[in-house]
Amino acid sequence: MKNKLNEIVFYDEGICTGIPLVFLHGFPFTHEMWKFQIEKFSASRRVISPDLRGHGESGVGDGQYTIELFVDDLIRILDHLEIQKVILCGLSMGGYIALRTAERHPERLAGLVLCDTKSEADANEAKIKRAGAMQTVKTKGVEVFAGDFIKSVLTEASLQDTSEIRKFVLGLILKNSALGIAGALLAMAARVDTTASLSKIHVPTLLLVGEEDRLTPPAASEAMAQKIPSAEIHRIPSAGHLSNIENKEFFNTQLAGFLQKNFT
Ligand code: MLT
């Protein structure tokens, strides 16, 4: 069911048993990037998936976002729904938000799922690249930006012109505005490093990463897994940065196993 809290749209589906699962999408997508997971996991638990501020159907506002603001938006939704604890699953930028939530609001987490993400902040080179991407999206538009961006997130196979995955992912990006995309780039460039808090995460944690992820490579997930006390990690074969889409079957099997083991 679609809901709106202030300017943030979120979907609340599934059955109200057990601990709810919250999906935070990556940049620059919408909650629909979790389509294959929402379909599967809402059969057995409550699943909540927001369009982050500036994305999808949520308001774009002034286009100035921070990861802190995305965390505040998430907590506002949980408070509104009177949900104390969730299993928080974030991919890439969604993972940055999940990690910062773990740091700021550890009492709201029952479990954590970190997909194709990392705990380090942007190095100078990455910040400069973001500045370039902001210019591109603002001056040349979302379509040109999207054409460049997908090259860094998908595998060679998914990038083929005939690929359904390519079409799906491009469609997701095109649901966003240039101002929203630029705002999210700014938020990611300004995010803090959460590495020092990894050892303080004391909830069951699953790390999933595409074997061919070039943006947040498996080594970054492995480094996090070594620091998080109760972490389980799996590499997703035949997948790049969007492992939940590029190999949805393998991804869903790992997530289902983790939920079964820790939350039934
Ligand atoms: C994402 O997929 O959320 C972003 O590409 C992550 C990033 O650019 O750091």
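Trainee: Why is Arg53 called buried?

Mentor: Arg53 has a relative accessible area of 13%, and buried means under 20%, with exposed over 50% and partly exposed in between (1.4 Å probe, protein chains only). So 13% lands Arg53 in the buried class. Keep in mind that this is a predicted model, where local features need pLDDT of at least 70, side-chain atom pairs count only at pLDDT 80 or more, and totals for chains, interfaces and linings use all residues. Side-chain values use heavy atoms, with hydrogens and water left out, and residues are numbered from 1 along each chain as its sequence is written.

Trainee: What makes Glu7 and Arg53 a salt bridge?

Mentor: Their N to O distance is 2.8 Å. A salt bridge is a side-chain nitrogen of Lys or Arg within 4 Å of a carboxyl oxygen of Asp or Glu, so the pair qualifies. Glu7 sits in the loop between β1 and β2, Arg53 in the loop between β4 and α2, 46 residues apart.

Trainee: And what class does Glu7 get, buried or partly exposed?

Mentor: Partly exposed, because its relative accessibility is 31%.

Trainee: How do you know that Asp73 is bridged to Arg53 too?

Mentor: Their closest N and O atoms are also 2.8 Å apart. Asp73 lies in helix α2, so this pair ties together parts 20 residues apart in sequence. Asp73 is buried as well, because its relative accessible area is 5%.

Trainee: What about Arg76 and Asp73?

Mentor: That's a salt bridge at 2.9 Å. The two are three residues apart in helix α2, which means about one helical turn between them.

Notes: Helix = DSSP H or I, 4+ residues; strand = E, 2+ residues; numbered from the N terminus.
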